[in-house]
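Have the viewer open as you read.

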Amino acid sequence: MADHHQVYSPGEQCRPGISYPTYSLPQCRTLVKRQCVGRGAASAADEQVWQDCCRQLAAVDDSWCRCGALDHMLSGIYRELGATEAGHPMAEVFPGCRRGDLERAAASLPAFCNVDIPNGPGGVCYWLGYPRTPRTGH
C-alpha cells in the first residue's frame, strides 16, 4: 500500500479554525486597542495582558501563520466596532484610535513578543510594509 502524504507550501494552511482559532488572539485584541489610544503597560494587569498576548501569538504553531492570525484579528476588531475592513489610515475606528495606528500596533506585535515570523522584515508583519495598500493607505 502506497504511503501518501499531503505536501503544503509554507502558510498554505493559514486559515481561521485550522492554524489559529476563529476568534484569534483575544488578549492581543485588548492590547492593540489599549496601545492605539496611548495606554501602554502601566499596571500589573496591563503587564499580564502583554504576557498573555505574546503567549497566544507564540502558540500559533506555524510561524508563517502569525501575521495571518493578526490580520484576522484586525478584521474581527473592525467587525466588532462596526468599521469597514478597508479605510483611510487617519479614520478613527473608535474614539482616540485611528485605523493606521491600530494596524501598526498589531503588525509590530511579533517583534515586541520576539516570536518568529518568516514573512516580515524586522519582525513586523508583511502587510504593513506594502505601499499603497488598503491596509496602510500609503
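Predicted model: local features only at pLDDT ≥ 70, side-chain atom pairs only at ≥ 80, totals over all residues.

## The buried face of H1

Helix H1 covers residues 26-36, and its buried residues are Cys28, Arg29, Leu31, Val32 and Cys36. They line one face of the helix, because they fall within an arc of 165° when H1 is seen down its axis. An α-helix has 3.6 residues a turn, so residues three or four places apart point the same way.

The cover over these buried residues includes helix H2 (44-58), helix H3 (66-81), strand E2 (97-98), helix H4 (99-107) and helix H5 (109-113). After H1 comes Gly38, with a positive phi near 90°.

## Packing against H2

The axes of H1 and H2 lie 8 Å apart, and the two helices pack at an angle of about 130°. That angle makes H1 oblique to H2, and the crossing is left-handed.

On the H1 side, the contact is made by Pro26, Gln27, Cys28, Thr30, Leu31, Arg34 and Gln35; on the H2 side, by Asp46, Val49, Trp50, Asp52, Cys53 and Gln56. By class, these residues are 6 nonpolar, 4 polar and 3 charged.

## Packing against H4

With H4, the axis of H1 comes within 9 Å and crosses at roughly 130°. H1 is therefore oblique to H4, and it passes H4 in a right-handed crossing.

Here Val32, Lys33, Gln35 and Cys36 of H1 meet Asp101, Leu102, Ala105 and Ala106 of H4. This contact divides into 5 nonpolar, 1 polar and 2 charged residues.

Definitions and conventions: Residues numbered from 1 in each chain as written. Heavy atoms only, no water. Buried < 20%, exposed > 50% of the residue type's maximum accessible area, 1.4 Å probe, protein only. Helix = DSSP H or I, 4+ residues; strand = E, 2+ residues; numbered from the N terminus. Arc of directions from axis to C-beta. Contact = heavy atoms within 4.5 Å. Axes fitted to C-alpha atoms, helices over the stretch in contact; angles between N-to-C directions. Parallel < 35°, antiparallel > 145°, perpendicular 65-115°, else oblique. Left-handed = near helix turned anticlockwise from the far one by under 90°. Nonpolar A, V, L, I, M, F, W, Y, C, P; charged D, E, K, R; others polar.
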